[in-house]
Amino acid sequence: MLDSPDSADHVYRAVRAHVLSLVRDISEPVRVREEELARKLGVSRTPVREALLRLGQEGLLKMERHRGALLSPLTHEQYVEWLKLRVELEGFASREAAMNASQRDVDALRKIFAPFNDENLDVLIDEYSAANVDFHAALIQLASNKLLEKVWELFGHRDMLKTKTIKRLSRARQSLSEHLALIDAIEKRDAREAERIARSHVEELLNHVSMNNQTNEPKDR
């Protein structure tokens, strides 16, 4: 039962969290049943329907007339589109962060990766993948740009759905090194270097994702 069952915003957040938990594990489209979800959350169907409509407008799922909500897995093409946009967004965010961040902000960024080093990354890869998502979200916040935050709110879930990418591409150590270098640049208030590192970081991921997909494509026989 939700703490505030009459709050549309609380219901929306609960429905969104539920949908994201589903889409992480699906390989084919599935129906999100309004009645079942309302019963699970302990609320009426109306706020659940409104939440699903809102998620449909955000592109997280598709609302079909007389059939309800259809949830589909994130495709390779959609993820690549997002990474291409991230190159620009995070370059900008890192440049702004280097000019805006306080020492407390920098310390908070370092704290995200404090549990990890080259020796334990293989064991803590799932935890590192989650920390990676948290770091990039924190970076967006440090840019202090409301429009950028809104874009990330709408599309940043695509990184949450690909938390296994780092493990699959075996680039955790490179990723950690790049993150720490970016934090160093932000701490030094080197906006140009922070932007360069951030853009290069996402471009490297984009290249790895694209190459890996080509390798896994079925060959003509």
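Biologist: Why does F135 count as buried?

Modeller: Its relative accessibility is 0%. Buried means under 20% relative accessible area, exposed over 50% and partly exposed in between, with a 1.4 Å probe and protein chains only. F135 therefore counts as buried. As to provenance, this is a predicted model, in which local features need pLDDT of at least 70 and side-chain atom pairs count only at pLDDT 80 or more, while totals for chains, interfaces and linings use all residues. Residues are numbered from 1 along each chain as its sequence is written, and side-chain values use heavy atoms, with hydrogens and water left out.

Biologist: Why is the pair of F116 and Y128 called edge-to-face?

Modeller: The planes of these two rings stand at 85° and their centres are 5.4 Å apart, so the pair of F116 and Y128 is edge-to-face. This pair too links distant parts of the chain: F116 is in the loop between α5 and α6, Y128 is in helix α6, and 12 residues separate them. Both F116 and Y128 are buried. One aromatic cluster is formed by F113, F116, Y128 and F135.

Biologist: What makes α6 roughly parallel to α10?

Modeller: Helix α6 (residues 125-142) and helix α10 (residues 172-187) pack at an angle of about 30°, and their axes are 12 Å apart. Angles under 35 degrees count as roughly parallel, over 145 as roughly antiparallel, 65 to 115 as roughly perpendicular and the rest as oblique. That makes α6 roughly parallel to α10.

Biologist: Which residues of α6 and α10 meet?

Modeller: On α6 they are I125, Y128, N132, F135, H136 and L139; on α10 they are A172, S175, L176, H179, L182, I183 and I186. Contact means heavy atoms within 4.5 Å. By class, the residues of this contact of α6 with α10 are 9 nonpolar, 4 polar and no charged.

Biologist: How do you know that α5 is roughly antiparallel to α10?

Modeller: The angle at which α5 and α10 pack is about 170°, with axes 10 Å apart. That makes α5 roughly antiparallel to α10. Q103, V106, L109, R110 and F113 in α5 meet L176, H179, L180, I183, D184, I186 and E187 in α10. The residues of the contact of α5 with α10 divide into 7 nonpolar, 2 polar and 3 charged.

Biologist: Why does I183 count as buried?

Modeller: I183, in helix α10, has 0% relative accessibility, and therefore counts as buried. Not counting residues up to four places away in sequence, I183 touches V106, L109, R110, F113 and F135. I183 and A97 are 86 residues apart in sequence, yet their C-alpha atoms are 9.7 Å apart in space.

Biologist: What makes A138 partly exposed?

Modeller: A138, in helix α6, has a relative accessibility of 23%, so A138 counts as partly exposed. Beyond its neighbours within four places in sequence, A138 is in contact with L109 and I112. Its C-alpha atom is 9.8 Å from that of A97, which is 41 residues away along the chain.

Biologist: How do you know that S94 is buried?

Modeller: The relative accessible area of S94 is 0%, and S94 is therefore buried. S94 lies in helix α4 (residues 76-100). Leaving out residues up to four places away in sequence, S94 touches L139, L182, I186, A194, E195 and A198.

Biologist: How many of the residues of the protein chain count as buried?

Modeller: Of the 221 residues, 42% count as buried. The protein chain has 11 helices and 3 strands. Among its contacts with a separation of 6 or more, 76% come from residues 24 or more positions apart.

Technical notes:
Axes fitted to C-alpha atoms, helices over the stretch in contact; angles between N-to-C directions. Helix = DSSP H or I, 4+ residues; strand = E, 2+ residues; numbered from the N terminus. Nonpolar A, V, L, I, M, F, W, Y, C, P; charged D, E, K, R; others polar. Phe/Tyr/Trp six-rings, centres within 6.5 Å; stacked < 30°, edge-to-face > 60°.
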